[in-house]
Amino acid sequence: MRSLAPLSFLALSATTISASWLPIDSTLHRNLEPRWQKNVPRTENSTGGWPYGPFKTKGRDVVNSRGEVVTWAGVNWPMSGETMVPEGLEWTSAEQILDDVASVGFNYIRMGYAIQMVDEIYTRNGDDIPLEVAMITALGYENGTKVTKEIISKNPTWTEQTTRFEIWSDIASLAQKKGIFIHPDVHVGKAQWCCSHTDGNAWFDDVNFNATHWRRGLSYVAKWAKNHPNVVSMSLRNELRESWNRTDLYYNWVTFVGNMSAGADAIHEANPDLLITWSGLQYDEDLSAVTTKKNLLTAPCYKCTAIRDAARREPVYFDLDAHPWADKIIWELHLYPMSEDIDVGTCEIVEAGLYRNGFNALGIDPPPACNITGDCPPPQRITPVIFSEFGHAQNPTLYNDTLQNCVKEYTKRNGVSWMVWGLAGSYRIRSGGQGVYDTWGLTNYEWNGWNSPETIEGYWKPWVEAMNVTKLS
């Protein structure tokens, strides 16, 4: 199916935009549901105890069912690689990994997954992929069987036939006992390392990004979340960007808002208790048109497809309050030093850029450097905003990095929840290589300690403590 922009160009004349007319795919028949779904009674994301769901937004804050403000500080734990099983489980148990996460004070894990996980369940008439099959398919027979045995050795309640969603469910249940929230993040369509303009996962209906399957996957995971009270939120899509594989996809604000609204509809209809994190354009660096309610036809947009006759059209705006999920949306932004278009040279300029690109929705004052940039408009609506990705090599250069320390002080001063990239010190497969070491990972290669114990103690723990995160109670 072609993305929404062509429809919008032909039909849009109203002052607001919605994609609610898009059909949501039907769910699997009960007889075809995977084991985790058959065996667990349907519940909602609410409980009499912690975490006191369901959650909603209230102004700039996330609040629980008791009206208490919730704050997160966490880490990204990848599971979107070719095996589609969380990294590190061949080195140590899921419980030990979660204990290590909790020992830093983290209370939130953003777990990137691939829509391919769900696609394969539909292809297999409701059967999820067993652990051993997942490993052999991704790693080859020799390494696949070896890694399967290592995972089972470290996690003896699992077998070769334990499925990917059963593993994810076990991790979510263990995390709940430790006071850790689990956040499913659609990292990619096709399972692989992310992200680039050429990986096929960049934009709606890119070669590896079937938008219909994406909405189906969102719905499926939202229903899975009902069985886990600590899954109070899930994302729409990670790091949208221009596709360099297809040139007919209309990379602009109109296509963006239409598709993201349809994704939010899919999640909300499947599980209305869930918070929904909504990311931005250009590798999730820019939400300016939606946080400021600019005309989507003419709003500035890096590398966007031009709408040549925009000045002759009726303006098109996004009104969050017009949607049933208005009190469930959290804006999320990323920022890395390798940004293509954002100046990260000084903290003052970084803060002005953050305000312009979406953090204005917090209702904070424009930073002083807005006088330099001249581009710090007020928000249309006060809404929570989080930093769901940023990162740096895990070594003492953290202490002197301009962007890293700007993000740290910004989140502390403004009470912004955040998730660092990433947990994984090694990947079982990444970009075609097996056993890949990552200096940006918090863990070491063997997942039995930290890459940099010094910065865990001197940098990350004090930062988490300063955030006064929500704890198990």
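Three strands make up an open sheet in the order β1-β2-β3, with antiparallel pairing. Because β1 and β3 (69–70) stand at the edges with a single partner strand each, one side of each is left without a neighbour in the sheet. Strands β1 and β2 (residues 61–63) pair over three bridges in the antiparallel sense. Lys-56 has Val-63 in β2 as its bridge partner. Two strands count as paired if DSSP finds at least two bridges between them. Helices (H or I, at least four residues) and strands (E, at least two) are DSSP runs, numbered from the N terminus.

The model is predicted: local features need pLDDT of at least 70, side-chain atom pairs count only at pLDDT 80 or more, and totals for chains, interfaces and linings use all residues. Residues are numbered from 1 along each chain as its sequence is written, and side-chain values use heavy atoms, with hydrogens and water left out.

**Backbone**

Most residues other than glycine have a negative phi, and most peptide bonds are trans. A cis bond joins Trp-50 and Pro-51, with omega about 10 degrees. Another cis bond runs from Gly-53 to Pro-54, with omega near 0 degrees. Pro-51 sits in the loop between α2 (35–39) and β1 (56–58). Pro-54 is also in the loop between α2 and β1.

Met-84 has a positive phi, near 60 degrees. Its place is the loop between β4 (73–76) and α3 (94–104). Met-84 is buried (under 20% relative accessible area, with exposed over 50% and partly exposed in between; 1.4 Å probe, protein chains only), at 3% relative accessibility. Tyr-283 also has a positive phi near 60 degrees. Tyr-283 belongs to helix α10 (residues 281–284) and is buried at 15%.

**Cavities**

The structure holds two cavities of 30 Å³ or more. A cavity is a set of points, on a 1 Å grid over the protein atoms alone, where a 1.4 Å probe fits but cannot get out; lining residues have an atom within 4 Å of a point. Volume is the space filled by probe spheres set on the points, which are joined across faces, edges and corners.

| Cavity | Volume | Lining includes |
|---|---|---|
| Largest | about 40 Å³ | Glu-285, His-334, Asn-357 |

In the largest cavity, α12 (347–357) and β9 (329–334) each supply at least two lining residues. Helix α12 gives the most, with three residues.

Notes. 1 Å grid on protein atoms, 1.4 Å probe; cavity = no way out; pocket = protein on both sides within 12 Å on 5 of 7 lines; lining within 4 Å.
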